[in-house]
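User: Hi! I'm new to this one, could you walk me through it?
Analyst: Happy to, here it is.
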Amino acid sequence: MECIIRPDAQSAGNLVARIIAEDLRAKPDMVLGLATGRTMESLYQILVDMHKKEKLDFSLCRTFNLDEYVGLSASDTQSYRYYMNHHLFKRVNIDLRNTHLPDGMAADPDAESRRYDESIAAAGGIDLQLLGIGRTGHLGFNEPLSALKSRTRVKALSPITMAQNGPLFDDPKRMPHRAITMGIGTILEARRCILLATGEEKAAIIAKAIEGPITAMVSASALQWHPKCTVVVDEAAASKLTETDYYRWIFANEPEWKRFQ
Ligand code: GLP
């Protein structure tokens with residue numbers, strides 16, 4: 001795992017966008033794993049700008065999102081399908097047929113979860129998985145005690161997550177208590193993972209996830225198993241890490257990072 005610290009949220013988002021753009025240019029039909037949440041909104045804006053100004057081409061790109069609320073349809077403004085269409089898909093030249101999220105309205109959510117894992121495998125697996133982190137340390141909606149080998153499935157949302165995401169709903173009581181989420185095992189199969197976290201409210205959970213023990217209580221700590229995982233944080237989210245001098249040295253000196261400076 002590498003941890004890259006950038007001065008602010010904008011430059012953290014810029015770095016992640018440049019990594020995605022570089023991969024997309026190298027492999028135009030790449031399979032991109034996508035995330036939702038407030039943190040990703042500015043990243044998607046940067047990608048939209050790159051599409052407009054630098055002709056970043058999404059026409060062959062295939063995407064799989066981490067999760068979707070159970071019981072929300074694609075047209076529901078609080079669904080993650082709606083979020084993705086609004087923030088990214090309808091603003092770049094992606095073929096909507098190549099974009100995938102679990103179906104929150106599936107009659108059989110367990111069967112839908114299995115189908116979702118199978119379709120990721122059929123696409124050849126995920127090349128780059130973008131991740132945020134929730135206050136419980138969740139990736140997707142892998143709440144505390146999610147098995148580190150879990151597959152896509154239905155998860156009940158924790159009270160902390162209900163409180164974190166409830167305000168995003170026009171009526172917080174409408175927030176579903178369950179979601180279909182890629183499992184930790186599914187996420188760890190991606191060839192590369194990039195976690196983006198910004199803001200002081202993420203500092204404590206980032207420190208636990210990166211420098212703490214691997215534990216099902218903090219599902220993001222499972223990324224320590226991943227052979228190619230990059231965590232990009234701003235100064236605020238890095239404020240409770242202990243080895244920051246080492247992380248800064250790597251970004252300033254390692255050849256892989258030179259071109260991003
Ligand atoms: C939701 C998503 C997570 C995401 C989290 C972070 O809970 N299911 O995948 O990491 O939001 O949200 P925010 O960026 O708003 O802090």
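Analyst: We'll look at a helix pair, then the core, then a loop residue. This is a predicted model, where local features need pLDDT of at least 70, side-chain atom pairs count only at pLDDT 80 or more, and totals for chains, interfaces and linings use all residues. Residues are numbered from 1 along each chain as its sequence is written, and side-chain values use heavy atoms, leaving out hydrogens and water.
User: Thanks! At what angle do α1 and α2 pack?
Analyst: Helix α1 (residues 9-26) packs against helix α2 (residues 38-54) at about 50 degrees, and their axes are 9 Å apart.
User: Switching topic: how many residues are in the largest nonpolar core?
Analyst: That core has 83 residues, and Tyr44, Leu47 and Leu88 are among those with the most contacts inside it. A nonpolar core joins buried residues (under 20% relative accessible area) through side-chain atoms within 4.5 Å. Helix α1 gives the most to this core, with eight residues.
User: What about Lys27, where does it lie?
Analyst: Lys27 is in the loop between α1 and β2 (31-34). Lys27 has a relative accessible area of 33%, so it counts as partly exposed (between 20% and 50%).
User: Which residues does Lys27 touch?
Analyst: Asp127 and Arg191, leaving aside residues up to four places away in sequence.

Technical notes
Axes fitted to C-alpha atoms, helices over the stretch in contact; angles between N-to-C directions. Helix = DSSP H or I, 4+ residues; strand = E, 2+ residues; numbered from the N terminus. Buried < 20%, exposed > 50% of the residue type's maximum accessible area, 1.4 Å probe, protein only. Contact = heavy atoms within 4.5 Å.
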